[in-house]
Amino acid sequence: MQFPIVSIILPVYNSAQWLSTGLDSVLAQDFDDFECICVNDGSTDASLDILRSYASRDCRLHCIDLPSNEGAGPARNAGLHAAKGRFVCFMDPDDTLPTDSLSSRLSVLLEYNADAVRAGCTIVSGGTREIKLPCEGIYPGICPSGTDGDNSLNDAFFFHALGDHCCFLFRREILIKNRILYGRLYNSHEDVLFLMKLFFIHKNITFLGKSIYNYNYINSCSLSNSSIGIERFYAVLYILKIFYSMAKAAAKIRYADSAFTYYMQYWISVVYNCLANGYVTENDITKMHEHLHALDIEYDIYPRLTASREELIILKPLQEWFIKVLLLLRQGRHEHAHLLAHSVGEVSLTHTVA
């Protein structure tokens, strides 16, 4: 039996409104040796009917029907276990693929004999389109990972490999052999944890300076509501705890420090913004500070940040307010930390803080 070269994994939950557009873009690919595994994750709308209709018309589409809603992570895992292709990529049902999405990624991956290729994407929101390219402003065009001959990622490359998982094409055997799977994490950042796991076992990742994926923000929710900011903070905190453990074991603690700087500055500023808007309480801030301080103490992060701030990632350098809040918590000056939270939150109402 001949298996397809590429498997596309598509988790679906109550996506009837835009599902046909996404499936049409899959079937319009200029590379046709693929399968698309659509995992219906307990949808209660017409999603399953749409999937079955498409599958009946094109044998490259396969439908897995989960009995209940498990979440995007478990749905992707179900698709990954069912996949037969040598290479695998992921897609969300409200997004679309340019016609050369598969062919361009595959050609670059094969050219560099890479374990994965990371390409760019286009953010579509309302009437605007913004193209995001990996390594833009750092390395043009197509770049094999690493600059020192051993395929290791420097800080800039490292962070280009930790987001937009739908922009990747992976060798399936790498994921299966190393049990790199998705988790269920506040319905947020599952892809970052997935890619962090990949980071420690990959041989090389190649970058393609081209948009091969369209993110359509048609069902997004605002960060500035009563819960999403604080929930995302705890999701990222959980990821960082795991990543620090892996980084320490691999003697690559500086990468965990870079991840800490990159993600914590942003999500703490989001929560501070929520405080200024009245969406979270002083008690929420206290609990957040307690968890932040505990992680700092467990891995003794603050001294390394202050000693090597010039060596940290160039994409999101350390900000003075972030260093100050860590110091205040170490000194037990919690009231001052709360005052700082208010001032940072008020600034971020009109400016991007992190």
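**Charged pairs and cysteines in a predicted model**

K132 and D164 form a salt bridge in which the closest N and O atoms are 3.6 Å apart. The two partners come from distant parts of the chain, 32 residues apart: K132 belongs to strand β6 (residues 128-132), whereas D164 sits in the loop between α5 (155-160) and β8 (168-171). Their surroundings can be described as well. K132 is partly exposed, with a relative accessible area of 36%, while D164 is buried, with a relative accessible area of 17%. The pair is also part of a network, for salt bridges that share partners join R118, K132 and D164. The structure under discussion is a predicted model, and every value given here is computed from it.

Why can such pairs form at all? Side chains of opposite charge can pair when their charged atoms come close. A search of the whole structure finds 9 salt bridges, and two further examples deserve attention.

One of them joins the side chains of D100 and K210, with a distance of 2.4 Å from N to O. D100 is in the loop between β4 (87-90) and α4 (101-111), and K210 is in strand β9 (residues 205-216); the pair therefore ties together parts that are 110 residues apart in sequence. As for accessibility, D100 is buried, at a relative accessible area of 18%.

Another salt bridge brings together the side chains of D58 and R60, at 2.9 Å from N to O. Here both residues, D58 and R60, are buried.

The cysteines call for a separate step of reasoning. A disulfide is a covalent bond between the sulfur atoms of two cysteines. How many disulfides does the count give? The count comes to 0 disulfides. Consider C166: the closest cysteine sulfur, in C167, is 7.0 Å from the sulfur of C166, which is too far for a bond, because the two sulfur atoms of a disulfide must lie within 2.5 Å. C167 is likewise in no disulfide, and the cysteine sulfur nearest to that of C167, belonging to C121, is 4.2 Å away. Are these two cysteines buried or exposed? C166 is buried, with a relative accessible area of 0%, and C167 is buried, also with a value of 0%.

Next, the reader may turn to N277. This residue is found in helix α9, which covers residues 253-277. N277 is partly exposed, and its relative accessible area is 36%. Which separation is found between N277 and E346? The C-alpha atoms of N277 and E346 are 8.3 Å apart, although the two residues are separated by 69 residues along the chain.

Finally, the chain may be considered as a whole. The protein chain contains 13 helices and 9 strands. Of its 354 residues, 53% are buried; among these are D58 and R60. Among contacts in the protein chain with a separation of 6 or more, 80% are between residues 24 or more positions apart. The accessible surface of the protein chain comes to about 15,600 Å², and carbon and sulfur atoms account for 50% of that surface.

How values were computed. Residues are numbered from 1 along each chain as its sequence is written. This is a predicted model: local features need pLDDT of at least 70, side-chain atom pairs count only at pLDDT 80 or more; totals for chains, interfaces and linings use all residues. Side-chain values use heavy atoms; hydrogens and water are left out. A salt bridge is a side-chain nitrogen of Lys or Arg within 4 Å of a carboxyl oxygen of Asp or Glu. Buried means under 20% relative accessible area, exposed over 50%, partly exposed in between (1.4 Å probe, protein chains only). Helices (H or I, at least four residues) and strands (E, at least two) are DSSP runs, numbered from the N terminus. Contact means heavy atoms within 4.5 Å. Accessible areas come from the Shrake-Rupley method with a 1.4 Å probe; for residues, only the protein chains shown count as cover.
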